[in-house]
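Thanks for making the time. I'll go through one structure, starting with a pair of helices and ending with a single residue.

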Amino acid sequence: MKAVVTGGAGFIGSHLVERLLKEGLKVTVLDDFSTGRPENLAHLKDSPGLRLVRADVADHAAAAPHFQGADWVFHLAALADIVPSIERPMDYFRANVVGTQSVLEAARAAGVKRFVYAASSSCYGIPDSYPTPETAPIRPQYPYALTKRLGEELVLHWVQVYGLPAMSLRFFNVYGPRSRTSGTYGAVFGVFLAQKLAGQPFTVVGDGTQTRDFTFVADVAEALLCAARSSARGEAFNVGSGRPQSIKRLVELLGGPAVHIPKRPGEPDCTSADISQIRRVLGWEPRVGFEEGVRRMLENIDYWKAAPVWTPEKIARATQAWFDCLAPGAQRKP
Ligand code: NAD
């Protein structure tokens, strides 16, 4: 069996690659290293089944030949930050929408048996109901969420029109070792761990009572594998822990002082996945509890030594576009 993992040098991709190699698959990673790093796969470099290819998935001519002979395709390559998506929407459209179309066509031409798309719970925007089921209204709040949703629509359309055996998994707040440490202001875990290492206070958004459905990355890799093994197609499934945790609780577990920074427009107070569908259809269950997950992060904290250390002032500057564009009544800039 051969799998292609786009974005395999990224955070989630590198855990999936590890899992697939353990299952005895041959794995080709396609990554342009825009946010991913070869170091994320360094511990696997002696695996005979692993092939690492530098390619931009939106460059169809460069990417397509690498899908020949593939049984499974996992499409994770994407630009995955909020603020840069507001500042550079065209880059996000190219990577996440044109890139997905390119990968779909390459997979179709190769006659793959399974195609699994990494979608995002950000498609729900600020939902009306918690836990949020897959049938909730789709309301992207910023270009990252929109482009991931457009990618998902392409995937589901390719099932309908071309019979591609594809499905989509909507990830909720994935965390774990190797979560991104790029220059852009990003997910809470990377921000907090770098602050802890630097002896700086945690920058808590709002009062910290907001909750997130944090999902441990090993559980996400397992969900991707379950999806590839199943015969479901043309569906989207939530992948979450089903047990939202507050930011206050995260601060307690990490241990350290906190400062508070303003709430951001377009962000929900709660993310909470209804995971009854994926349990029923794919038989997948999250296994790593929050306390255990945080403990594993702390064991690997040295990874964040190279990460930027964010202060309230730096965050205010880095997230200016967020407030400028998304605050209610904000003047829309061209
Ligand atoms: P990541 O940035 O670590 O991984 C993305 C990878 O894609 C990187 O290795 C990057 O170099 C690569 N990439 C980007 N553009 C590319 C292109 N044009 N061609 C080839 N490779 C390209 O992010 P991640 O958190 O591991 O996210 C993986 C996937 O899961 C993404 O599709 C993301 O949208 C989705 N997702 C992540 C989360 C989360 O909480 N981390 C939540 C929902 C969805």
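The crossing of helices H6 and H8 is right-handed. Before going further: this is a predicted model. H6 covers residues 188–198 and H8 covers residues 247–254; their axes come within 12 Å, and the crossing angle is roughly 35°. On the H6 side, the contact is made by Val188, Phe189, Phe192, Leu193 and Lys196, and on the H8 side by Ile247, Leu250, Val251 and Leu254. By class, that gives eight nonpolar residues, one charged residue and no polar ones.

Next, the sheet. It is open, has seven strands with parallel pairing, and runs in the order E3-E2-E1-E4-E5-E6-E11. Which strands sit at the edges? They are E3 and E11, the latter being residues 236–239, and each of them pairs on one side only. Neighbouring strands are turned against each other by 20° on average, ignoring direction.

Two helices go with this sheet. H1 packs on it and touches E1, E2, E3, E4 and E6, with its direction at about 170° to that of E1. H4, residues 89–110, lies across E1, E4 and E5 and runs at about 180° to E4.

E1, residues 2–6, pairs with E2 in the parallel sense over five bridges. The chain gets from E1 to E2 through H1, and this β-α-β crossover is right-handed. Within that pairing, Lys2 is opposite Lys26, and Thr6 has Leu30 as its bridge partner. On to E3, residues 50–54: E2 pairs with E3 over five bridges, again in the parallel sense. Here Asp31 of E2 faces Arg54 of E3 across the pairing.

Is Ile12 buried or exposed? Its relative accessible area is 15%, and the cut-off for buried is under 20%, so Ile12 counts as buried. What does Ile12 touch, leaving aside residues up to four places away in sequence? The list is Leu76, Phe171, Val174, Val217, Val220 and Leu224. Take Val174 from that list: Ile12 and Val174 are 162 residues apart in sequence, but their C-alpha atoms are 8.0 Å apart in space.

That is where I'll stop; questions are welcome.

Note on methods:
Residues numbered from 1 in each chain as written. Predicted model: local features only at pLDDT ≥ 70, side-chain atom pairs only at ≥ 80, totals over all residues. Heavy atoms only, no water. Buried < 20%, exposed > 50% of the residue type's maximum accessible area, 1.4 Å probe, protein only. Contact = heavy atoms within 4.5 Å. Pairing = 2+ DSSP bridges. Helix = DSSP H or I, 4+ residues; strand = E, 2+ residues; numbered from the N terminus. Right-handed = clockwise from strand over helix to strand, strands pointing away. Axes fitted to C-alpha atoms, helices over the stretch in contact; angles between N-to-C directions. Left-handed = near helix turned anticlockwise from the far one by under 90°. Nonpolar A, V, L, I, M, F, W, Y, C, P; charged D, E, K, R; others polar.
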